[in-house]
Amino acid sequence: MTKEERLSARARGISPSLTLSITAKSKEMKAAGISVVGFGAGEPDFATPSFITDAAIEAIHKGITKYTPASGMSALKKAIAGKLQKENGLTYEPSQIIVSNGAKHSLQNAILALVDEGQEVILPSPYWLTYPELIKLAEGIPVIVETGEENGFKMTAQQFEDAITENTRVLILNSPSNPTGAVYSEQELKEIAEIAIKHDLFVISDEIYEKLLYDGATHTSIATLPGMQERTVVINGLSKSSAMTGWRIGYLAAPDYVAKAIDAMQSHATSNPNSIAQYASITALTHADGERFMQDMLKEYDARRNYMLQLLDNMPLVQASIPHGAFYVFVNVSEMLKKSYKGKTFTDSLTLAMGLLEEAKIAVIPGTPFGAPNHIRLSFAISLQDIKEGLDRLEAFINEME
C-alpha cells in the first residue's frame, strides 16, 4: 500500500489549490527583493476600523475569553438577526443563526447538512474555487452549469432546470460573484426561485459581497422571494464589509431544523468561534460608524474599478468584463493564449499566470480553478499606484507577444 493509498478516498479526492504555486513563487520573489505587483488579493486592503478593534481590546479586559455557545453568543446572533431584518427584509429567530469560523466554514456546514453521498449540487461557472471541493468533501457531486460573457456570467432559469436530475439536491448561488462580479437581478432570481420550488430544491445563497455594488446595482437575497426562505440557507460574514478577514467570523441563517442540525455538527467539529472576535463583531454590526466606513471603502473601490477598466480597455489581446459587484475584474485572455512571449507559449490561464509572474513580475489569479481556463482574475483591492504599475507591466508584456 502506497502512502497515498493510506489516505481516505475523501482526502484523495480533494484537489490542491492550483494557485498555491503562484502564491508561493510570488512570496519567494518578494523575499528575494524582487518587485512583484500582486493582483490576487481576496480581502480588503483597509485596516479593520478602530471602533471594532477597540471592542476586541475591551473584550480581553472584560475577560470575555471563555467558551460561548457553539452556535455563537446570543447577543451576536440577535445583532445578526437585526441586520438581516433591517438590510435584507428577512425575519429570523436567533436560534436560526449559526456563527462560524468564517463564511467558508458556514458554507461547509450548510453543504454537510444538506448533501448526502451521490447527491448532486448545481454550480454555475465561473465559481469560487472552494465550492466544488466542499461538495466533494460531503461526497456530493458538483454539476457545473457553464455561463458566458454574453449573459453577464449569470445562469438562466432554463439552464438551471436543464441541469436538474432526480439526484439534484442543492443549488449554490453566489451574488455578487467571485470571480466575475456578476449580480443577479430580482427578476432573474424570481425565475430561478420558481424552478427551485418546482423541483423541491434547497439553495445555498452566498451573499458575502452583498455590500460591494456599483453602477446602481442592488442586492436581493433569494430568501426574500415567496416560498424561498424555508428552502434557503443564507451565507454571510464580516470579512468583506468590515475588513475583518483575519477575525474569522461568518454566519448562516437557515430554517430552524437545518440550523439545529448544524448547531449539533459544529458543537463537535469546532465548538464556538473565537469569543473576542464575536464580541467585536457585535460592534461591527451595530456601531453608528459602520455604514460610513463601508461607504468610504466602496467609494474607493469604485474609483479603482473604473481606473482598472479604463487601463484594460486600452490594451490589445484582453477583454475585461465590467463587474457590478465584489472587487475583481475578470479578464478574457484567450487572444493572449494564441500568442507567444519570447518563444514561450501558454496552454491556459494557469501557465499564462506563471509566465506573467516570471517575466512581468505581476501575480494574477488564473481562471482555470474557477472553471474558466481562458480568463484571469484581477483584484482591485490594491492601491491605484499598484494598479497602474501592474497594468503597465501587463501591457508591456502584451506588446512583446507575437
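Reader: What should I know before starting?

Author: Residues are numbered from 1 along each chain as its sequence is written, and side-chain values use heavy atoms, leaving out hydrogens and water. As the model is predicted, local features need pLDDT of at least 70 and side-chain atom pairs count only at pLDDT 80 or more, while totals for chains, interfaces and linings use all residues.

Reader: In what order do the 7 strands of the open sheet stand?

Author: Strands of a sheet pair through backbone hydrogen bonds, either parallel or antiparallel. Here the order is 2-8-7-6-5-3-4, with mixed pairing. Strand 2 (97–100) and strand 4 (141–146) are the edge strands, each pairing on one side only. Strands are DSSP runs of E, at least two residues, and helices are runs of H or I, at least four, numbered from the N terminus; two strands pair if DSSP finds at least two bridges between them.

Reader: How many bridges join strand 3 to strand 5?

Author: There are 3, and the two strands run parallel. Glu120 stands opposite Thr168 in strand 5.

Reader: Is Lys83 buried or exposed?

Author: Buried means under 20% relative accessible area, exposed over 50%, and partly exposed in between (1.4 Å probe, protein chains only). Lys83, in helix 4 (residues 74–88), counts as buried because its relative accessibility is 7%.

Reader: Which residues is Lys83 in contact with?

Author: Contact means heavy atoms within 4.5 Å. Leaving aside neighbours within four places in sequence, Lys83 is in contact with Asn88, Glu210, Asn236, Tyr251 and Leu285.
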